[in-house]
Amino acid sequence: MTTIQPAKITKVLPDSIAAEIGFEPGDAIVAINGTQPRDLIDYQFLCADEFLELDVLDTTGKSHHLEIEKDYDEDLGLEFSTALFDGLIQCNNRCPFCFIDQQPPGKRSSLYLKDDDYRLSFLYGSYLTLTNLTAREWQRIEQMRLSPLYVSVHSTEADVRIRLLKNNRAGEILSQILWFQERRLQIHAQVVVCPGINDGEHLERTLDDLTSFYAGELPTVASVAVVPVGLTRFRPQEDELIPVTKEKAQEVISQVKSLAEKFRQKYASSVVWLADEWFLIAGEELPTEAEYEEYPQIDNGVGSIRLFMKQFSETATALLPRKIQPQRKLTWVVGNAVEKAFQPLVQQLNNVQGLEVKMVALCSDYWGQSISVTGLLTGHDLLLNLGGQDLGEGILLPSVMLKHGETVFLDDLTVEEVAEKLNVSIFPVAGVEDLINTCMN
């Protein structure tokens with residue numbers, strides 16, 4: 001039986017109910033109305049009531065019993081060290097393309113945790129395979145209407161999916177999607193294409209199967225992302241995987257575009273979208289903004305470049321002055337996959353009199369990739385490529401390179417360490433507005 005730990009508070013929002021009561025970071029919630037919350041989902045559900053009885057441990061370990069009256073659904077204003085108070089549900093698959101298994105040994109332990117947790121899928125949109133769920137967890141998904149979930153399908157053919165996940169339970173995927181359909185719950189699906197295994201006719205079969213669940217008033221499969229397998233130099237040599245070539249990328253683009261057109265005529269939606277990486281690998285133009293519809297798979301890299309470019313254009317028009325004083329010179333580091341797409345953005349920044357931004361587009365020597373997305377660049381890659389260069393006042397560093405909420409790269413180097421070795425300031429920037437404001441100030 002998993003032990004539920006008290007929910008440790010890391011932040012108390014100002015002017016909140018919790019701040020008024022006197023909660024402090026380090027305090028922990030043990031129970032709400034007599035129930036121990038297993039996770040953030042339980043916490044939010046239990047805290048929706050108008051009358052709450054809280055059992056709390058303060059930072060000294062002393063117990064307190066509090067009674068709170070508030071409006072229904074009013075938030076207490078607390079943030080926690082983790083969304084899971086009873087531990088992470090870890091993955092029991094052995095997918096050869098798993099990024100966790102394609103990392104070098106000796107890094108921080110959190111890099112090797114393979115989550116397959118439906119709660120993180122519901123809360124944050126992380127993908128799970130459904131192979132780890134117990135009957136109790138299926139029941140909870142149904143009772144609490146935890147929808148949508150994000151599911152790594154890869155193939156709807158039982159034998160192909162078992163081969164990919166190395167798990168006999170993987171073959172149940174179609175009956176599991178039917179389970180969601182019968183309960184009017186939704187999923188967003190992804191298919192990681194591994195050349196020679198689940199491409200070609202297998203990919204067509206999978207996409208036809210998945211889109212058959214799109215029909216009806218409430219589509220069970222709300223969207224499908226088709227993603228190229230990403231391989232690193234640390235991957236096991238016996239993994240039977242083949243890298244995606246330019247020719248393979250062009251083939252998949254042509255195949256999926258043709259299928260998406262068929263789905264559009266049938267469902268008035270593409271349903272299926274290609275990750276941006278396909279077009280970058282193939283050397284082809286990205287789809288137009290309209291083709292992404294409502295960007296249902298934006299966090300899977302589907303349309304993220306096009307959306308960034310749109311947001312940049314709009315924000316730059318609103319925020320960029322004609323001239324700045326004093327003059328500034330900065331270096332913007334990105335993955336070489338987006339170098340061509342981002343050239344007009346750099347030009348727009350450099351149209352500001354007094355501002356000079358040099359874009360440096362890198363591939364990742366650390367992972368052994370000739371084409372790299374920005375989020376996979378590491379501290380090692382910056383040190384290897386930027387040493388001895390004139391970097392101006394500092395580096396504009398997209399925060400997608402860093403562990404969420406921290407200043408640590410994927411290779412365990414910190415921003416501070418890299419800045420010291422390059423003898424330059426590093427400015428992590430999160431999104432378009434942050435990037436432009438940092439250029440100005």
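How far apart do the C-alpha centres of domain 1 and domain 3 lie? In this predicted model, the separation is 39 Å.

**Domains.** Begin by colouring the chain in three parts: domain 1 (7-80), domain 2 (99-302) and domain 3 (308-440). Next, select residues 227-429, which an unreviewed UniProt entry annotates as "domain: DUF512". Over this range the chain is 36% helix and 19% strand, with the end C-alpha atoms 26 Å apart.

**Nonpolar cores.** Select L207, V226, W278, W332 and F342, the residues with the most contacts inside the largest nonpolar core, which has 94 residues. Helix α8 supplies the largest share of this core, seven residues. At least three residues of the core come from each of domain 2 (99-302) and domain 3 (308-440). Centre the view on W332 and display its surroundings: beyond its neighbours within four places in sequence, W332 is in contact with residues including F308, F342, L345, V346, M359 and L435.

**S269.** Finally, move to the loop between α8 (246-267) and β10 (272-274), where S269 is found. Is S269 buried or exposed? Its relative accessibility is 4%, so S269 counts as buried. Display polar contacts here: the S269 side chain reaches the backbone nitrogen of V271 at 3.2 Å, and a polar contact of 2.9 Å joins it to the side chain of E293. Not counting residues up to four places away in sequence, S269 touches Y214, F263, R264 and E293.

Definitions and conventions
Residues are numbered from 1 along each chain as its sequence is written. This is a predicted model: local features need pLDDT of at least 70, side-chain atom pairs count only at pLDDT 80 or more; totals for chains, interfaces and linings use all residues. Side-chain values use heavy atoms; hydrogens and water are left out. Helices (H or I, at least four residues) and strands (E, at least two) are DSSP runs, numbered from the N terminus. Buried means under 20% relative accessible area, exposed over 50%, partly exposed in between (1.4 Å probe, protein chains only). A polar contact is a pair of N or O atoms within 3.5 Å; within protein, one must be able to donate a hydrogen and the other to accept it, and residues adjacent in sequence count only if both atoms are side-chain atoms. Contact means heavy atoms within 4.5 Å. UniProt positions are given in the numbering used here, feature names are shortened, and annotations may be inferred rather than shown by experiment. Domain bounds come from an automatic or database domain assignment. A nonpolar core is a set of buried Ala, Val, Leu, Ile, Met, Phe, Trp, Tyr and Cys residues joined through side-chain atoms within 4.5 Å.
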